Every structure is written in C-alpha cells, then in structure tokens.
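Hi,

Here is the structure I promised to pass on. Have a look at it first, and my notes on pockets and rings follow below.

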Amino acid sequence: MLADKYGFEIETILAKYPPDQKRSAVMPLLYLAQKEYGYITPEAIEEVGEILGLEPTQVGSIVGFYTLYYDQPGGKHRIQICADLPCALNGADRYAAEVCEKLGVKPGGTTSDGMFTVETVMCLAACDRPPMFQLQTGDGIFYHENQTVESTMKLVEELRGN
C-alpha cells in the first residue's frame, strides 16, 4: 500500500493544502501511485480516494482525463502522438499508423520487447508543428515536433541502444 511505503511523502503532499481542501492533492498522490506501480491500478485509485475522502469514481475521472496518467501497464517509454484536428489535418493519422506499423503494434499497444507503448492523444499544444508527439520516459517528458516516421524511428533506435 502507498501509505505504508510513502507515509512521509503523503504527509508532505497533504501539508501543502488546507485541511478542508485536501482533495486538491489528488494529482500528486496519483503521480506517486504511478511512480510506484508503473500505472494507476484500481487499488491505487481506491487508496488515493480513501486518503482524500473521495469516491473512487472521482479519482478515476482524473486518471481518465489526463494523458500523463495511465490506467493500464505500458512500455518503458510512451510515445503519445497528437491526433487533434490541426495535427490530423497535417497527416498525424497517417504518421501514427506508419509509426505503429514500423513498431509492429496497434495504437495503444506495446512493443514485444516492452520498450514502447504508442498512443494517440488530444492536443499537445504544437498545432503549428505537426506531426508531433510527447515521449514519456523515466527521466521526464520530451516533445518532438515536425516529425517524420524516419526521425521517429531513429529516436526509437537510440532509446533501444542500437
């Protein structure tokens, strides 16, 4: 359980909010859970809800809304390709399909080596530089704009260490 392993961190997070507004700590607590489990498990949703006095559906709605929270296990790296209208009008759908084909996965899938999960997401705020994606790694989030399938595959190979 999170409270057993991260009691001090949880208390530190909660101390940043007024006692009657502790529900505002939902996002940092979800981040802590994701850091621990690699994704937000149903048990983590319940535990965060218990800590904050929220219903699991309230916590789950946060997970479902934000692209930085995952409710399923995934690869070591997540390639999240923007598929919002401006990007789609500039070839994002074709780009995403070709990246998936090169990696041998369907959108939302993870490569057989467990290194990459490829997802399409809405608006990453680079409407003037598509196709683009955000790469989530254990080291942070990195944005790659004006991409081609070739430039993306070159990055994939670098991350694989080839």
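Which residues do ring pairs link into a cluster? They are Phe65, Tyr66 and Tyr69.

Before the details, some housekeeping: this is a predicted model, where local features need pLDDT of at least 70, side-chain atom pairs count only at pLDDT 80 or more, and totals for chains, interfaces and linings use all residues. Residues are numbered from 1 along each chain as its sequence is written, and side-chain values use heavy atoms, with hydrogens and water left out.

Rings first. Rings of Phe, Tyr and Trp (its six-membered ring) pair if their centres lie within 6.5 Å; planes under 30 degrees apart are stacked, over 60 edge-to-face, and the rest tilted. That rule gives two aromatic pairs. Phe65 and Tyr66 are edge-to-face, at 4.8 Å centre to centre with 85° between the planes. Tyr66 also pairs with Tyr69: the centres are 6.4 Å apart and the planes at 85°, so this pair is edge-to-face.

As for accessibility (buried is under 20% relative accessible area, exposed over 50%, partly exposed in between, with a 1.4 Å probe and protein chains only), Phe65 is exposed at 62%, Tyr66 is partly exposed at 35%, and Tyr69 is buried at 11%.

There is also a charge over a ring (NZ of Lys or CZ of Arg within 6 Å of the ring centre and within 35 degrees of the ring normal): Arg78 lies over the face of Tyr70, 3.5 Å from the ring centre.

Now the pockets. On a 1 Å grid over the protein atoms alone, with a 1.4 Å probe, a pocket is an open set of points with protein on both sides within 12 Å along at least five of seven lines, and lining residues have an atom within 4 Å of a point. The largest pocket holds about 460 Å³ of space. Its lining has 17 residues, with Tyr31, Gln34, Tyr70, Gln136 and Thr137 nearest the centre.

At least two lining residues come from each of α5 (56-65), β1 (77-82) and β2 (116-121), and β2 has the largest share, with four.

Cheers

Key:
Grid points are joined across faces, edges and corners, and a volume is the space filled by probe spheres set on the points.
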